[in-house]
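This report goes through a protein model by way of its strands, its aromatic rings and the surroundings of selected side chains. Please look over the sequence and the model before reading on.

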Amino acid sequence: MKLPLYESEPTSLDDTQPIHSQRIDALQDTQPVKPMHTRLLRILAIVIGLALVSVAVVLTFSGGDGQSTPVRITLIDGGNPRSLTASAQTVADLLREQDIDINAGDTVTPGLITRIENGMQVEIERARTVTIIVDELTTVLRTTLDTPDNILRNAGIIANTSDRILIDGTRAELTDLVTWPVPVTTIMIERAVNITILDGDSTISLATTEETVGDALEEAGITLFLADSVTPDVSTLLGDGLQINVDRSRPLTIIADGRRQETRTNRPTIGDAVTEAGIVLTGLDYTVPAEEEPVVGGISVRVIRVTEELLTEQETLPFETVYQPDENLTLDNRQVLQSGLNGVLERTIRVRYENGIEVRREVDSETVVQALQTQIVAYGTQIVIRTLDTPDGPVEYWRHLSVYATSYHPAALGGDNITATGRVLQYGVVATDPRIIPYYTRVYVPNYGVGEILDTGGPRSSPYWIDLGYSDDDFQGWSRMWEVYLLTPVPETVNYLLPSASRGGVIP
């Protein structure tokens, strides 16, 4: 049976000094040494007691005369055996006789008060110095125990599965402590701290021996994106009860300047996310959705580049002609009193381009760079009665016109011989534009004779035309510019201002 001299000693006590053989009897105290004065008193008491026991044993084995018979024994000290002859009565006597020091933590087998017998084997198992570091607390002890499990149990230290354990610098699991193959000198235990990780809707409780927030997140298998936010910072040292908040960024796609960028952000608005992505909006640039809209995961954002161009164009403003009667001018004569002048309008057009494509044109400003001037024309209202000699005798007329003369008859109309006024088509019936020569006006046409405006026709390229009527029996074809005279009497209503032939029949 092995009897340890010392199981463990606090670092504050000096357990590493050798104990002389004179104190061997006192080393049977197997309890840890506490304060120095208490330990000395206990050792002194034990030494006195053991001395008395030794005297009794000597007297018993010496026959009462103090003499003993030498015996042969084998002494194994720290694994080194040697044979010797001794006259000691007990193991304690043997160690004193051989001047062998026993240090704290060493064990002697058999015990110190065991009687010496011939052929006995006495073994001294030397203790080793073992350092135990638990977080920042260091304990140094001497022990003959080999496995880390026994050493820790003997020191009253319990390791947990979540702790980080290093045996002489080598990482070990809790199950390795029982079967560690070699004696140890240093046991380091880093106690795990309990932390909570809030990752979106997930809550993770973790016991960890990692040092920083970032290390703990990696241990928990949490992958962070560059845009994710972690509070406290990933470099923060862990502490028991620490809560870590992971604010996840949201994925989005930004399409700008012909490129598609897949990115992530935890910024609140579209504008913030675009700026974070290094995209600058200038001038009239805008985004779809709008910059102030919130970021929704998976959203696609288009950046619209807006440019504007100002173009200048000119427009001619045609002048107007104002006609005013002049009683000093004879009928159908005109006189320009003020020449007309076209105006020039300069217009500035704002052209808007979005991503290089024209989307809108609008007038930005208009300026008259040349004012127009109205043309003023006087027309005659003085009617002069004149006489025209004809083969049938003189006729009086008050207006003379040049027209394009044609002729028609019922057969040319498919047999229709009824005019616009209800008269029968025959010689003397004349058709024209009633705006020029009103119905029922009597006219004289050279080489035709006198006729009356009783019919009209379809539109012509000029309002100045006349169609001379015939019956089918006396039809003669006409197709030439000709003269027509409006015969007296002068009607009560006169159109003093007839249209210009060059204006397509438009009457002013």
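## Basis and overall make-up

Two strands are said to pair if DSSP finds at least two bridges between them, and the strands themselves (E, at least two residues), like the helices (H or I, at least four residues), are DSSP runs numbered from the N terminus. The model is predicted, and for this reason local features need pLDDT of at least 70 and side-chain atom pairs count only at pLDDT 80 or more, whereas totals for chains, interfaces and linings use all residues. Residues are numbered from 1 along each chain as its sequence is written, and side-chain values use heavy atoms, with hydrogens and water left out.

The protein has five helices and 31 strands. Of its 508 residues, 37% are buried, where buried stands for a relative accessible area under 20%, exposed for over 50% and partly exposed for values in between, computed with a 1.4 Å probe on protein chains only. If contact is taken as heavy atoms within 4.5 Å, then 59% of the contacts between residues at least 6 apart in sequence join residues at least 24 apart.

Three strands form an open sheet in the order 19-22-23, with antiparallel pairing. Its edge strands, each of which pairs on one side only, are strand 19 (306-317) and strand 23 (357-370). Neighbouring strands of this sheet are turned against each other by 20° on average, direction ignored; the axes behind this value are lines fitted to C-alpha atoms, for helices over the stretch in contact, and angles run from 0 to 180 degrees between N-to-C directions.

Strand 22 (residues 343-354) pairs with strand 23 in the antiparallel sense over 11 bridges. Within these two strands, Glu346 stands opposite Thr367 of strand 23.

## Other strand pairings

Strand 6 (residues 128-134) and strand 7 (residues 137-143) run antiparallel and are joined by seven bridges. The two strands form a hairpin with two residues between them, and Asp135 in the turn has a positive phi of about 55°. Val134 stands opposite Leu137 of strand 7.

Strand 18 (residues 299-304) runs parallel to strand 15 (residues 250-256), to which four bridges join it, and antiparallel to strand 17 (residues 286-288), to which three bridges join it. Arg302 of strand 18 stands opposite Ile255, and Arg302 is also the bridge partner of Val288.

## Aromatic rings and charges over rings

A pair of aromatic rings is described by the distance of the centres and the angle of the planes. Rings of Phe, Tyr and Trp (its six-membered ring) pair if their centres lie within 6.5 Å, and planes under 30 degrees apart count as stacked, over 60 as edge-to-face and the rest as tilted. A search of the whole structure finds seven such aromatic pairs. One of them joins Tyr397 and Tyr485, whose ring centres are 4.8 Å apart with planes at 65°, so this pair is edge-to-face. Because Tyr397 lies in strand 26 (residues 395-408) and Tyr485 in strand 31 (residues 479-487), the pair ties together parts that are 88 residues apart in sequence. Tyr397 is buried, with a relative accessible area of 12%, and Tyr485 is buried as well, at 11%.

Ring pairs also link Tyr427, Tyr448, Tyr470 and Phe475 into a cluster. A charge sits over a ring if NZ of Lys or CZ of Arg is within 6 Å of the ring centre and within 35 degrees of the ring normal. The charged end of Arg264 is placed in this way over the ring of Phe225, 3.9 Å from its centre, and that of Arg480 over the ring of Trp478, 4.7 Å from its centre.

Asp199 belongs to strand 11 (residues 193-199) and, at 14% relative accessibility, counts as buried. Leaving aside residues up to four places away in sequence, Asp199 touches Ile222, Val246 and Arg248. With Arg248 there is a polar contact between the side chains, at 2.9 Å; the term stands for a pair of N or O atoms within 3.5 Å, where within protein one must be able to donate a hydrogen and the other to accept it, and residues adjacent in sequence count only if both atoms are side-chain atoms.

Asp168 is placed in the loop between strand 8 (164-167) and strand 9 (170-172) and is partly exposed, with a relative accessible area of 37%. Residues up to four places away in sequence not being counted, Asp168 touches Pro183, Val184, Thr185 and Thr186. The C-alpha atoms of Asp168 and Thr185 are separated by 6.4 Å, although these residues are 17 apart along the chain. A polar atom of the Asp168 side chain lies 2.8 Å from the backbone nitrogen of Thr186.
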